[in-house]
Structure formats: C-alpha cells, structure tokens
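Please look over the sequence and the model before reading the points below.

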Amino acid sequence: MPTDTRSHPWMALSAPGAIDAMLAEIGASSVADVFEQIPDDHFRKAPLDLPPALTSEMELRRDLITRLKRNEDCEANLSFLGAGVWQHHVPAIVDEIVGRTEFATNVWGSYQSDHGRNQAWFEFSSQLGALLNLDVVQLPVYSWGCAIGHAMRMAARMTGRSKVLVPHLSDPERLSVIRTYCQPSEMEGSLEVVPVAADPTSGRLDLSDLKSKLGDDVAAVYFENPAYLGTIETGAAEIAKLARAAGAETIVGVDPASLGVMAAPGDYGADIVTGPVQPLGVHMQCGGGAGGFIASRDEERYVRTYNGFLVSIAETQTEGEVGFGLACPHQNSYGMREDGNDWTGNSTYLWAIAGAVYMSLLGPEGFRELGQLIVSRARYATKLLNDVPGVRVVWPDTQFKEFVVNFDDTGQSVAAVNDALRAHGIFGGKDISDEGLNLGQSALYCVTEMHSAADIRRLANTLKEILQ
C-alpha cells in the first residue's frame with residue numbers, strides 16, 4: 001500500500017523529509033531512538049482507530065460545527081453545577097478590556113509596553129490582597145489545584161518537612177493535582193499526602209484527628225473555607241493555632257467571591273492562601289486554565305519561596321512618579337531553569353487583567369452585596385429542596401453557595417435524577433456518589449447570583465414531578 005507523502009495543511013513539520021532532517025540535526029538514527037528511555041510497556045501496541053484525515057478547510061469546519069452542536073450549554077439550560085467552575089455574572093466591560101490587543105496578544109514586550117500591563121497586574125494583586133488581608137499575591141497559575149500544589153511545596157521548602165495534611169472530604173480532581181505536585185514516593189522531592197477525617201455531623205475537619213496527625217514531620221495543614229462540599233470551617237482559627245504550635249504552615253483555599261461576607265484568611269491565621277481566579281470575571285470554560293492564585297504575608301521567608309511572578313511598585317527618579325515591574329524574577333524557572341524554586345508552568349496572566357477589572361467594578365460594597373445575595377439564594381434553595389419528598393440537604397445552613405443533596409430515600413440514583421432533570425432543560429448537581437466520601441447517592445449543588453428565586457422554584461418543582 002503506497003505511503004501518503006503529502007504534507008498536512010495545518011502541520012508545518014509534516015512535509016516530506018522534515019523528520020529525517022530533524023533526526024540528522026540531533027544525531028539520532030530513528031524516531032524510536034529519541035524515545036528509548038521510555039519503557040516498552042508504556043507504548044500503545046494497537047493503532048488508534050481514527051477516521052480518515054480531513055483534507056480541506058471546508059470539511060474541517062463542517063466537522064467541528066457538527067460536533068459542537070452536540071453540546072448543551074448553560075445559556076440554553078438552567079445549571080446548578082459548580083465544583084470548581086461556577087456560573088457567575090461577567091460584566092461586559094471585563095470582556096471589552098481583556099479583549100484589547102495590548103492585553104490579549106501581549107506575552108512579553110518591551111519595557112515601555114510592559115509598563116501598563118505590569119500596572120494592571122499590580123492592581124489585580126493589590127485588590128485581591130485587600131480581600132485576603134495579605135500583602136503578597138503572585139500572578140495566577142494554571143488552576144486552583146496547581147496553586148495548592150505550589151503552596152505545599154513552598155511550605156516544604158520553608159520547613160524542611162515532607163508531609164502535608166489535607167481534608168478527607170476533598171475535591172478528587174484538585175486532590176489528584178496535589179498528589180502530582182507532591183510527586184511519587186520514589187522521587188527525591190516527594191511529599192506524603194495524609195487525609196484528615198471529617199466530623200460526620202458537620203462535614204468540618206475533625207480536630208481530634210488533626211491533632212493526632214500533627215507532628216514534627218508535617219510541613220503544612222491545608223483546608224478550604226468554604227470547603228469543597230460547601231461547608232464553612234468555623235474552627236479555622238483553631239486549626240491555624242494547632243498547625244503553628246506544631247511548626248507547620250497553614251494553607252487555606254478560599255473562594256474570593258465569599259470574602260464580602262466571610263472573614264479574610266489573613267484574619268484567622270492563614271500563612272499561605274490559594275484559590276480560584278475564575279469567580280473574578282472569568283467565563284465558564286473547558287480545555288484551558290481557569291486560574292489559581294497564591295498569596296501570603298509580606299515576609300522575606302515567604303517571598304523567597306515563590307515560584308512565579310510577583311509585581312511590585314517603586315518610585316522613579318521623577319518625584320511623585322512610580323513604576324511597576326517584576327519582583328524576584330530570578331528565583332523562578334524562567335530565571336534559573338531547573339535551579340529555580342519550582343517549575344513555573346502554564347500561567348493565566350490574562351485572567352489577572354479580568355480579575356483586576358472585575359474587582360475594581362465591585363469594590364468592597366459590591367462584594368458584600370454579591371456575597372449576601374449568594375448566601376440568601378443558597379439558603380432559599382436548601383429550604384425548598386428539603387421540602388421535596390425523599391430529598392435531604394446534608395449539613396443545611398452551613399454553606400456559602402454549594403451544598404450536598406442526598407437522594408437515598410427517593411430510591412433513585414443521582415445519575416437517574418440528573419438524566420430526568422436534563423430532559424427538562426436542567427443540569428442537576430455534580431454526582432459525588434462514587435467519590436468515596438461515604439455520602440450515599442448525593443450530588444453537589446451550586447447556587448450563585450445568576451439564579452433567580454423563580455429558577456430555584458423551578459428546580460424544586462421539577463424534582464417533585466420526576467420523583468413522584
């Protein structure tokens with residue numbers, strides 16, 4: 001069978017002879033030689049069953065549009081999904097500003113063009129720092145999970161210890177990223193991830209279990225407030241006190257949208273704070289980083305352990321004039337490659353611009369109004385759902401915008417309930433029944449400022465209809 005020697009129209013290095021030229025340049029005799037360090041059992045043996053290649057732009061466009069039309073979105077459907085990406089309102093001006101070419105297309109430029117971008121980044125860091133009551137905020141990394149992983153490695157570098165404590169009731173996706181950052185036990189920089197039990201009556205950390213696991217080998221205690229399942233950690237200050245007494249760092253994960261109605265992590269003893277950037281003016285999306293931030297107190301021992309970019313402000317030679325620039329850039333992998341504190345990885349600097357615009361639009365009063373609205377809508381939802389026969393809200397009146405709904409007494413699985421809801425144009429909560437949390441047939445529901453009282457009544461009435 002003849003080999004197709006045409007170059008692929010969208011792959012510049014697929015032209016005939018390109019691979020041979022690259023192999024000759026690096027001194028390898030074959031492609032297999034390039035990957036000889038990979039064990040043979042890691043390679044796929046059977047070929048992928050792929051459809052024939054599309055050879056024209058018209059065919060490609062038709063194929064993509066056909067596939068995309070199969071998606072159902074949150075514009076045409078009523079969604080109660082959250083768990084890491086939430087449906088918040090994004091003001092039109094946020095899209096207008098982040099779409100400007102000087103932000104959207106600028107990766108690195110000249111000192112002159114970077115000045116305005118650095119100022120916008122500084123505004124993001126300073127405004128978020130005010131919400132957190134902390135003074136140092138790094139530019140966003142790829143995701144919240146990445147931010148947690150970096151923070152844990154920061155704590156390990158500062159303490160010289162190799163164990164981190166995390167809640168048993170953790171998001172499995174974030175936990176998977178954390179474990180990746182903490183590395184396998186065979187690696188020199190490995191950190192042991194130890195779960196801390198939850199109090200079954202409240203979903204909060206079991207302080208007695210935490211005390212039993214704290215020791216001189218623990219680098220950090222991590223918890224979220226609000227937590228993955230929506231619970232609010234009322235004992236946050238006590239957790240930080242216990243960690244400090246054991247010589248460990250306290251790392252807190254926080255939803256920035258909650259900080260208009262909840263205490264700032266800096267107020268109850270957090271040493272390092274992480275969280276998602278997505279609630280701050282970033283649309284729901286998949287296939288790309290939604291952003292995660294890392295923040296701390298303005299102490300040299302913290303600043304020297306950051307792995308990414310910090311933006312600072314300084315006076316210039318002209319009196320009354322200030323300039324904005326990167327601080328401590330040498331200590332990351334851009335400046336020192338493998339000798340940096342940690343690999344900087346993919347970042348989401350454009351979302352820092354979105355966050356700066358969003359936070360400046362809301363201001364302190366806007367964040368307070370946003371938080372109060374979300375809490376009131378979430379409490380309204382828990383009240384109505386608790387009135388649906390067979391449905392039970394787990395740990396009611398302890399949440400910010402997310403809460404666990406149990407369907408055990410309905411005799412139906414969460415999967416079946418969600419299928420029925422989709423037939424009515426509603427996305428039900430995330431199915432957490434197979435996440436090993438011992439919560440039975442339960443789903444994690446999310447309510448934000450986007451949900452009206454009528455939307456919540458529609459959900460409750462639809463559940464009554466499909467469960468009768």
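A residue is called buried when its relative accessible area is under 20%, exposed when that area is over 50%, and partly exposed in between, with a 1.4 Å probe and protein chains only. By this rule C328 is buried, because its relative accessible area is 18%. The model is predicted: local features need pLDDT of at least 70, side-chain atom pairs count only at pLDDT 80 or more, and totals for chains, interfaces and linings use all residues. Residues are numbered from 1 along each chain as its sequence is written, and side-chain values use heavy atoms, with hydrogens and water left out.

**Salt bridges**

- The structure contains 21 salt bridges, a salt bridge being a side-chain nitrogen of Lys or Arg within 4 Å of a carboxyl oxygen of Asp or Glu.
- Side chains of opposite charge can pair when their charged atoms come close.
- R174 pairs with E224 in a salt bridge whose closest N and O atoms are 3.0 Å apart. R174 belongs to helix α8 (residues 172–182) and E224 to strand β5, so this pair ties together parts that are 50 residues apart in sequence. Helices (H or I, at least four residues) and strands (E, at least two) are DSSP runs, numbered from the N terminus.
- R174 is buried at 9% relative accessibility, and E224 is buried at 9%.
- R67 forms a salt bridge with D63, with 2.9 Å between the closest N and O atoms. Both residues lie in helix α3 (residues 57–68), four residues apart, or about one turn of the helix.
- R67 is partly exposed at 45% relative accessibility, and D63 is partly exposed with a relative accessible area of 25%.
- K430 forms a salt bridge with E435, the closest N and O atoms lying 2.9 Å apart. K430 counts as buried, at 17% relative accessibility.
- One network, joined by salt bridges that share partners, consists of R244, E249, D271, R297, E299 and R301.

**Nonpolar surface patch**

- I19, M22, I26, V31, V34, F35, I38 and F43 make up a nonpolar patch on the surface, with about 670 Å² of accessible area together.
- Patches are made of residues with over 30% relative accessible area and no salt bridge, where like charges are joined within 9 Å and nonpolar side chains (Val, Leu, Ile, Met, Phe, Trp, Tyr) within 5 Å. Accessible areas come from the Shrake-Rupley method with a 1.4 Å probe, and for residues only the protein chains shown count as cover.
- Helix α1 supplies the largest share of the patch, three residues.
- I26 is placed in helix α1 and is exposed, at 59% relative accessibility.

**Backbone features**

- Most residues other than glycine have a negative phi, and most peptide bonds are trans.
- W395, although not a glycine, has a positive phi of about 50°. W395 sits in the loop between β11 (392–394) and β12 (402–406) and is buried, with a relative accessible area of 12%.
- N438 also has a positive phi, near 60°. N438 lies in the loop between β14 (430–431) and β15 (442–446) and is exposed, with a relative accessible area of 73%.
- The peptide bond from N225 to P226 is cis, with omega near 5°. P226 is in the loop between β5 (218–224) and α10 (236–245).

**Cysteines**

- The structure holds zero disulfides, a disulfide being a pair of cysteine sulfur atoms within 2.5 Å.
- C146 is in no disulfide, and the nearest cysteine sulfur, that of C182, is 12 Å away. C146 is buried, with a relative accessible area of 10%.
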